[in-house]
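Welcome! Please keep the view open as you read.

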Amino acid sequence: MSSWPLVGRECELDRIVAVMTGRAGPGAVVTGPAGIGKSRLLAEARMRAEAAGVPVSWVFATPGGIPLLPFVHLLPPQAAGGELTRMLTAAATRIAGSGALVIDDAHLLDPASVALARHLLGGASVPVVLAVREADGWWRDLDRIALAGLAEAEIAELLAAALGGQVESALPALLLRLSSGNPLLLRELVEAATFTETDGVWRLLQPIFEAANLPAAIAARLDRLAPGVRAAAELVALAEPVGAAILERLLDAEVIAALESERLLTALPDRRRQLVALVHPLYGEALRATLPPLRAREHRRRLAGAVEATGARRRPDRVRIAVWRVEAGVPADAGLLREAAREASDGLHHQLAARLLQAAVDADGSFESRLALVAELPYLGKADRALELARELETAAPDDAARAQALWARARVLLVGGQIDEARRTMSSAVSTTADPRVRLRLEAGQAAQAFAIGHVHESVAAGDRILRRHPADPEVRSWLAGSQVRALACAGRTRDAIELARSALDAADGPRAELTRMALLQALALDGQIAEAIALGRSALEGEAAGRAATWRAYWAHELGQVFLLSGRPATARRWLREALAVMPLQGIPANPQTWGLDALAEAESLLGAADRAGELAKRLRSALPEGFAAPRRSGSVWARYAEGDLTAAVALARSQAAELEETGSMLMASWVLHEAARLGAAAEVAGDLQRLSASSQSALPPLMAGNAAALAGADASALDDVSRTAAATGCTLWAAEAAAAAGLIHRAEGRLGSALASSARFEELYAACEGARTPGVRSSPAILTRREYEVAGFASRGLSDREIAVRLQLSVRTVHSHLHRIYRKLNIEQRGQLPGVLGS
């Protein structure tokens with residue numbers, strides 16, 4: 001940590017400074033429990049008051065009761081040790097009119113000091129600010145400033161400042177739960193923890209505690225426990241929340257009574273059972289961090305036996321039994337282990353799932369256990385072992401249906417490894433291997449998902465349509481298809497079909513399948529032009545994952561939400577979510593598709609915020625990650641990265657070539673999107689016809705909006721641009737709306753319509769205020785004045801490139817660069833290249 005700033009106290013700080021500087025009443029009392037930040041707040045207020053010219057004296061009250069001891073440094077030398085009344089009078093005289101007075105821990109003042117403080121307050125001769133723990137006392141009539149714990153957003157702000165960068169969004173919620181917002185305890189937690197930075201995002205390395213770094217208060221609290229009571233608390237820490245009946249089976253009544261007398265236990269609400277947990281989550285963290293390994297194994301063995309003995313009828317109980325048995329090193333039923341592994345995998349805890357499945361393989365060596373293990377190994381970076389095991393299963397399969405499943409498993413691993421052609425051949429072989437109609441249908445749905453994962457949208461949509469025509473009313477089939485088919489339909493421009501499929505599939509889906517379908521629905525809503533609905537869905541999901549099953553679920557939602565914010569024209573917010581997604585999402589074990597969308601979107605966000613170097617690095621990283629045969633559906637980031645480098649000609653050429661590739665794969669809406677980027681970069685006349693053609697077959701509101709924008713820009717039609725601006729704003733595409741308003745204002749002004757120009761410009765200012773500083777040609781006046789080539793030359797010159805370097809970059813002669821610069825200076829009404837950054841906003 002570089003610093004520990006004061007956050008979330010501005011209102012309270014202003015009130016205290018007002019008292020100290022005489023702009024409010026004669027006194028105030030700051031209340032709150034220990035560690036809430038009273039002294040820190042008063043110290044900050046003192047600095048501000050003294051900066052305003054008001055000296056502030058500080059008194060620290062201490063227990064002990066010696067008369068006037070806290071004020072001794074303020075007494076005249078001749079008064080110290082004299083008669084009490086004379087001392088009080090001398091102290092009051094010296095302090096009166098001397099600025100302001102702070103009395104910290106005023107609840108500890110001796111009676112004489114209380115009398116002096118009350119005298120000063122009553123005479124209003126000096127402003128007095130008290131800090132106390134309780135609201136009630138002799139200070140009850142003073143203006144009260146009650147300090148509460150920090151909120152989650154304030155903790156996030158504090159961590160970002162202390163760590164010097166963005167923090168994972170789940171981290172403030174975790175620290176709020178552990179600290180209850182107490183700043184002192186929060187600081188102890190942060191200083192005890194180990195953080196790591198990944199892709200610009202600070203993350204916590206779990207567990208938060210180790211045996212050597214417990215907060216002093218927690219360590220002291222646990223160290224005074226009797227050995228038997230501490231062991232019982234450890235058992236609760238491993239199992240919490242745990243049924244009271246389980247504790248009564250495992251612990252003697254005397255030990256339970258001791259736990260309660262130490263105030264370590266609390267009851268939790270539950271409709272069916274009485275559940276018990278430790279009174280504060282920090283105790284559980286500390287006990288688990290200090291638990292000796294052999295005692296932990298014994299605790300888990302006993303817990304597994306006790307829960308089994310009570311029936312273990314609830315699924316979570318069965319999963320916990322399996323985990324406890326594996327961690328205790330004792331045998332467990334293979335079926336139970338597979339069930340627990342499915343639960344762990346659904347929560348994206350793939351390392352635990354693989355451990356449980358390896359234990360299941362060791363227990364029964366069954367085809368089912370080994371097949372499940374194949375799916376988990378790539379998440380651990382063991383794709384080679386997964387392929388080897390899948391081949392073994394093909395040979396060992398008891399029937400064609402099982403062999404087809406083994407082939408499908410191998411196809412998934414090949415896809416993860418970027419072996420696309422081999423993955424496709426293997427998947428086709430799996431489909432043709434089995435005659436079982438239900439298994440074959442499931443494999444055909446997997447084949448459609450595979451086609452979308454490699455960017456072959458037309459193939460994916462066609463396969464999905466064939467399946468739905470054969471089984472139009474089968475809810476399970478819709479559930480199988482929805483995760484990928486909703487996205488494929490949306491990319492193809494059939495956004496209304498995508499939304500209908502997602503919503504109907506959600507009626508039959510649960511668990512992770514429902515979660516993935518909701519993510520696909522968010523994307524379909526956004527690509528349909530329902531931006532506000534998509535953002536609301538994403539935010540709701542992230543709030544639901546606040547205590548999440550795994551950080552990766554939050555990362556997937558952040559990935560989706562970041563892209564929607566980018567479409568809405570808020571690149572800084574988009575960058576925050578996209579950075580977190582890429583930092584947290586697993587790099588192993590999933591098809592390249594999510595990362596390619598995220599890397600491309602983040603490159604666009606960085607470009608729009610002027611971070612050309614970072615945008616270029618992301619675009620390069622994406623190019624190197626794409627395996628042969630993979631067609632990334634999202635392409636705008638690479639285009640904007642070229643723009644950020646200053647090469648508009650190359651950006652437009654790239655956009656047009658990528659649009660052609662996207663159209664060839666059937667990704668019609670995404671082709672429109674990247675063509676629209678070319679229009680925004682100055683090539684509207686060149687792409688307007690293609691945008692109009694593509695919009696004719698789209699169900700989405702976005703392609704017609706893009707086509708209308710390009711046509712209006714190409715025709716310099718100010719009225720049409722005003723209409724585009726209003727439509728884009730209503731859709732939620734605020735940056736597009738701002739750009740259209742800016743262009744309309746310039747055209748109105750050039751054609752002599754001053755009133756219309758002022759109206760369009762005012763709309764631009766209002767819209768652009770929400771665009772978080774996005775930097776595009778459309779929000780600057782100069783691109784409307786300069787040609788595309790002049791804008792490129794001006795951009796390079798503003799970044800310090802010499803005329804010869806510009807000539808090499810743009811493949812021009814130095815003389816041509818000189819001519820361009822001369823025209824640029826004349827058009828922009830400037831005299832030298834040093835003025836270009838100010839004009840261009842570079």
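This is a predicted model: local features need pLDDT of at least 70, side-chain atom pairs count only at pLDDT 80 or more; totals for chains, interfaces and linings use all residues.

**The chain as a whole**

- Of the 842 residues in the chain, 55% are buried.
- Looking at contacts between residues at least 6 apart in sequence, 66% join residues that are at least 24 apart.
- Distance in sequence can also go with distance in space: Arg 466 and Val 307 are 159 residues apart along the chain and 48 Å apart from C-alpha to C-alpha.
- Arg 466 belongs to helix H22, which covers residues 457-470.
- The relative accessible area of Arg 466 is 45%, so this residue counts as partly exposed, the class between 20% and 50%.

**The parallel sheet**

- In what order do the five strands of the open sheet lie? The order is E2-E3-E4-E1-E5, and the pairing is parallel.
- The edges are formed by E2 and strand E5 (143-146), each of which pairs on one side only.
- From one strand to the next, the twist averages 20°.
- Five bridges link E2 and strand E3 (residues 100-104) in the parallel sense, and Val 59 has Ile 103 in E3 as its bridge partner.
- Helix H2 (residues 38-51) lies across strand E1 (27-31), E2, E3 and strand E4 (128-132). The direction of H2 is at about 160° to E2.

**A hairpin**

- Strand E7 (residues 195-198) and strand E8 (residues 201-204) run antiparallel and are joined by four bridges.
- One of the paired positions is Glu 197, whose bridge partner in E8 is Trp 202.
- E7 and E8 form a hairpin with two residues between them. In that turn, Asp 199 has a positive phi of about 50°.

- Helix H28 runs over residues 571-584, and its 14 residues should span 20 Å at 1.5 Å a residue; the end C-alpha atoms are 20 Å apart, so the two values agree.
- H28 is mostly covered, with 11 of its 14 residues buried. Among them are Pro 571, Trp 577, Arg 579, Glu 580 and Val 584.
- Helix H34 (residues 702-714) has 13 residues, which at 1.5 Å a residue should span 18 Å; this agrees with its end C-alpha atoms, which are 18 Å apart.
- The buried residues of H34 include Leu 702, Pro 703, Leu 705, Met 706 and Asn 709.
- What covers the buried residues of H34? The cover includes helix H25 (511-528), helix H27 (551-568), helix H33 (668-695), helix H35 (718-731) and helix H36 (734-750).
- Just after H34, Ala 716 takes a positive phi of about 50°.

**A helix pair**

- Two packed helices are described by the angle between their axes and the distance between the axes.
- For helix H39 (residues 788-798) and helix H40 (residues 803-810), the axes come within 10 Å and cross at roughly 135°.
- That angle makes H39 oblique to H40, and their crossing is right-handed.
- Where they meet, Arg 789, Glu 792, Val 793, Phe 796 and Ala 797 in H39 face Ile 806, Arg 809 and Leu 810 in H40 through contacts.

- Most residues other than glycine have a negative phi, and most peptide bonds are trans.
- Leu 68 has a phi near 60°, a positive value in a residue other than glycine. Leu 68 is found in the loop between strand E2 (56-60) and helix H3 (84-95).
- Is Leu 68 buried or exposed? Leu 68 is buried, because its relative accessible area is 1% and the limit for buried is under 20%.
- Arg 263 has a positive phi near 55° and lies in the loop between helix H11 (253-261) and strand E10 (265-268).
- With a relative accessible area of 68%, Arg 263 is exposed, since exposed means over 50%.
- The peptide bond from Glu 240 to Pro 241 is cis, with omega near -5°. Pro 241 sits in the loop between helix H9 (227-239) and strand E9 (242-243).

Key. Residues are numbered from 1 along each chain as its sequence is written. Side-chain values use heavy atoms; hydrogens and water are left out. The expected span of a helix is 1.5 Å times one less than its number of residues. Buried means under 20% relative accessible area, exposed over 50%, partly exposed in between (1.4 Å probe, protein chains only). Contact means heavy atoms within 4.5 Å. Two strands pair if DSSP finds at least two bridges between them. Axes are lines fitted to C-alpha atoms, for helices over the stretch in contact, and angles run from 0 to 180 degrees between N-to-C directions. Angles under 35 degrees count as roughly parallel, over 145 as roughly antiparallel, 65 to 115 as roughly perpendicular and the rest as oblique. A crossing is left-handed if the near helix is turned anticlockwise from the far one by less than a right angle, and right-handed if clockwise.
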